[in-house]
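Student: I would like to go through the labels attached to this model. For each one, tell me what it rests on.

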Amino acid sequence: MDALKELLLFIGDWLLANPPWLIGLVAVLAVALWYLLHIRPEAKREEQLRQHMVLNHADEQATESKNETERLKMDAIILRKQIKWEQANAVRLEKELAELKEKETQRRASAEQSRRDREEKEVVQAALDEAARKEAGTAFEMRIKEMLKTKLVEWFDQGDAKLLYNVTLPKSGTQIDLILIHRSGIYIIECKCWDGFFLGRYDWQKVFKVQCHKNSSGLPAFIAPGKLTVEFLDNPIYQNSYHQKEMAKCLRGFDCIHTDMYKQLSVFDNCGNADFILPKKIASPELQLKNIWHGNKDELIDKIRAYDRTLSAKIPRLTAKNMLELQEKLQPSA
């Protein structure tokens with residue numbers, strides 16, 4: 001503190017003792033000396049520090065740029081590898097897809113060929129079944145024809161009956177299996193040699209043929225049931241009713257024919273395994289007539305004789321001339 005006071009006193013004395021121009025010169029020199037000793041080195045240090053910072057920043061940027069370039073190069077290498085892998089994978093997938101398409105095409109072709117073969121077999125089998133059915137039906141019709149001639153031999157010997165086989169009605173073209181013309185009336189006989197289970201009604205045009213085929217596995221039916229098939233067939237009861245209507249149209253003008261003289265008989269071969277269900281309780285009333293009957297061939301003769309016995313006495317029976325005229329009308333070539 002004392003040294004500072006002495007310095008200040010010295011400076012004051014010196015300022016008072018010297019002229020102003022010398023004081024100003026000394027002040028300028030002092031400022032210049034202060035600038036040279038303090039301000040300029042500080043500015044130089046700051047400039048050096050700034051340059052150093054700029055250089056460091058440039059180095060950092062260069063390092064980052066170099067690192068970024070290396071990273072981009074690595075990414076490019078990885079990307080090229082991924083592209084090559086994806087291309088190889090795409091080629092592999094295309095190859096597998098082509099193989100799958102080829103296999104699918106072969107499978108479809110094989111399935112189509114199998115379907116065609118199966119359809120051809122079914123068509124051939126259906127044709128064989130139809131031919132066998134027609135052959136069996138024709139044979140059954142012939143048996144019924146011979147049976148009628150044998151069991152009703154007295155009718156034919158006395159000239160009381162005419163038997164027409166495979167009749168095609170004029171104009172309408174309706175085909176009828178057998179027509180028995182007797183003094184008691186006209187018996188329209190429809191023959192069916194059916195085998196299987198049938199379900200229907202009197203007034204249905206079609207009936208269901210239900211058949212269960214045996215399974216090929218050898219297992220019991222309740223474990224592995226066989227294939228069930230359903231087929232639609234013409235209802236012989238309905239068919240015979242239609243035959244009667246067409247015959248009535250054909251014989252219009254014959255006053256000797258009474259409505260009750262038309263008898264519809266549908267006969268089934270009992271040598272087969274036919275179960276024909278036509279429940280009368282649900283049939284329409286107009287078809288529940290006394291002149292409609294269906295049954296097996298062993299009952300046919302008894303039914304015809306029963307019709308003959310129950311014919312009303314009020315209805316005149318046909319004469320020999322009437323029967324010849326009817327025969328000529330229904331089957332001119334006979």
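Tutor: Start with contact, which means heavy atoms within 4.5 Å. Leaving aside neighbours within four places in sequence, Lys145 is in contact with Leu163, Tyr165 and Leu178. The model is predicted: local features need pLDDT of at least 70, side-chain atom pairs count only at pLDDT 80 or more, and totals for chains, interfaces and linings use all residues. Residues are numbered from 1 along each chain as its sequence is written, and side-chain values use heavy atoms, with hydrogens and water left out.

Student: Which helix holds Lys145?

Tutor: Lys145 lies in helix H2, residues 20-151. Helices (H or I, at least four residues) and strands (E, at least two) are DSSP runs, numbered from the N terminus.

Student: What makes Arg108 and Glu104 a salt bridge?

Tutor: A salt bridge is a side-chain nitrogen of Lys or Arg within 4 Å of a carboxyl oxygen of Asp or Glu. The closest N and O atoms of Arg108 and Glu104 are 3.0 Å apart, so the pair meets the definition. Both residues lie in helix H2, four residues apart, about one turn of the helix.

Student: Why is Arg108 called exposed?

Tutor: Buried means under 20% relative accessible area, exposed over 50%, and partly exposed in between (1.4 Å probe, protein chains only). Arg108 has 54% relative accessibility, so it counts as exposed.

Student: What makes Asp234 and Lys206 a link between distant parts of the chain?

Tutor: Their side chains meet in a salt bridge of 2.6 Å, N to O. Asp234 is in strand S6 (residues 228-234) and Lys206 in strand S5 (residues 206-212), 28 residues apart. Asp234, at 39% relative accessibility, is partly exposed, and Lys206, at 40%, is also partly exposed.

Student: How do you know that the buried residues of H5 line one face?

Tutor: They are Lys297, Leu300, Ile301, Ile304, Tyr307 and Asp308. Seen down the axis of H5, they fall within an arc of 125°, so they line one face of the helix. The arc is that of the directions from the helix axis to the C-beta atoms. The face turned away from the buried side carries the exposed residues Asp302, Arg309 and Thr310.
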